[in-house]
Amino acid sequence: MFLLPALALLGALVVYPIGYSVYRSFLDASGDGFAGVDNYHEVFTDERIRTALKNNVIWVIVAPSVATALGLIFAVLTERVRWGTAFKIVVFMPMAISMLAAGIIFRLVYEQNPDRGVANAVWVGIHDTFKAPAPFPGAHPRDDKLLTGAGGAFTTRTVVKAGTPAVLPLVGAKPKDLKGAKDAAAPREAAGNVTGTVWRDFTRGGGGTPGVIDPGEKALKGVTVEAVRDGRTVASATSAADGTFTLPKSADGALLSLPASNFAAPYNGVDWLGPSLVTPAIIGAYVWMWAGFAMVLIAAGLASVPRELLEAARVDGANEWQVFRRVTVPLLAPVLGVVLVTLMINVLKIFDLVYIIAPGASLDNANVLALQLYQSSFGTDVNQGVGSAIAVFLLVLVLPVMLVNLRRIRRERQR
């Protein structure tokens, strides 16, 4: 009698839905005809569902392992940090955020535009630290009378001569790349050397003469100019603040080339939510949320570890790494097992993060079983027979993990 209310609730919310899902998985899309095992056959043959299954395997292997490892590292290190409690609060704080909110946050974090996405802003900053961006992306000649283009580079149509200044007029330079630029100066003659000027051949308000340096036109500083003869670079120079450059005598009789590196589009970062990286990116968001959960449980287990054993190991000559690997981790094995199993069950039914973070173009590549269950049951191509089959298959995948957890609990009780 005492158990009856709980059993009735359990039956209504758990037993009946499971039983009906098994029954529905043997019916067709309409629910009126018997389909046999056709729905289960589709589960293992449909390309989208197979992708979802493959992604679930990646999730089960990677996400719990990484979250547990980070939780262990944080738990051990925070014992030695003065502000360990505050650090634990910060790491655990994402657990207070719903999956929906976390998905929206990381959708913005992974935004392709570096001006909006934090991940690409950091990545582009690191990239540009080691490889300077092009000084004038998108700049190009006004026409092909003086310069001709090929492969993003521009080359003079005629060879240059020492004593005859070369003019390299360009347009299309962006205003933000010309901030603080000086007015272009006429090339200065240098005995035996080849000189010239690179500038933006554009006058505000119109006017001016194309190919001629007019008052107020801006110099293009930092443009690489190469002298090319017989397909080989014989000399190179970089334009100064006033746009002028000077090449040695070896450039006499050569063609001048402006390499494509001067005008290459700026590095725009990584396509985090593209087909190849969308699953690892979403797993990163999951680890951000659940590493704090793992840390708190492991820290609680670490607090119960006898300190005498750790000190005894140190007295016997073990270094900190040996103490951690041979004493701390084995003593924490039961707690690590609890965390790992809990997270494995959790990731098998992951849905929210994938649905929110993955854009439409990459949703099929990031697909998981719980999301496919939703799409098959309530999406545009509704087939609740297939959806029920996926639900039963998902239950079968979860059961072994649950049984392992139950056996562990029983062993601990017997101790």
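Author: Let us begin with a definition: buried means under 20% relative accessible area, exposed means over 50%, and partly exposed lies in between, with a 1.4 Å probe and protein chains only as cover. Please keep in mind that this is a predicted model, in which local features need pLDDT of at least 70, side-chain atom pairs count only at pLDDT 80 or more, and totals for chains, interfaces and linings use all residues. Residues are numbered from 1 along each chain as its sequence is written, and side-chain values use heavy atoms, with hydrogens and water left out.

Reader: OK, so is Glu 311 buried or partly exposed?

Author: Glu 311 counts as partly exposed, because its relative accessibility is 44%. Its side chain meets that of Arg 314 in a salt bridge, at 3.1 Å from N to O, where a salt bridge is a side-chain nitrogen of Lys or Arg within 4 Å of a carboxyl oxygen of Asp or Glu.

Reader: How far apart are Arg 314 and Glu 311 in helix H8?

Author: They are 3 residues apart in helix H8, so about one helical turn separates them; helices (H or I, at least four residues) and strands (E, at least two) are DSSP runs, numbered from the N terminus. Arg 314 is partly exposed too, with a relative accessible area of 26%. Salt bridges with shared partners join Glu 311, Arg 314 and Glu 320 into one network.

Reader: And how many salt bridges does the whole structure have?

Author: A search of the whole structure finds 7 salt bridges. One of them is formed by Glu 79 and Arg 307, whose closest N and O atoms are 2.8 Å apart. Glu 79 lies in the loop between helix H3 (47-78) and helix H4 (84-92), while Arg 307 is in helix H8 (residues 307-315), so this pair ties together parts that are 228 residues apart in sequence.

Reader: What about the salt bridge of Arg 142?

Author: The side chain of Arg 142 meets that of Asp 201, at 3.8 Å from N to O. Arg 142 sits in the loop between helix H6 (118-130) and E1, and Asp 201 in the loop between strand E4 (194-200) and strand E5 (224-229), so the pair ties together parts 59 residues apart in sequence. Arg 142 is partly exposed, with a relative accessible area of 45%, whereas Asp 201 is buried, at 2%.

Reader: Changing topic: what order do the strands of the open sheet have?

Author: The 5 strands of the open sheet follow the order E1-E2-E8-E5-E6, with antiparallel pairing; two strands pair if DSSP finds at least two bridges between them.

Reader: Which strands stand at the edges?

Author: Strand E1 (147-150) and strand E6 (232-238) do, each with a single partner strand, so one side of each is left without a neighbour in the sheet. Further in, strand E2 (residues 153-156) and strand E8 (residues 255-258) run antiparallel and are joined by 2 bridges, and Phe 154 stands opposite Leu 258 in E8.

Reader: Last one: which domains does the chain have?

Author: The domain assignment, which is automatic or taken from a database, gives domain 1 (2-122 + 272-413) and domain 2 (140-262). Their centres, taken over C-alpha atoms, are separated by 58 Å.
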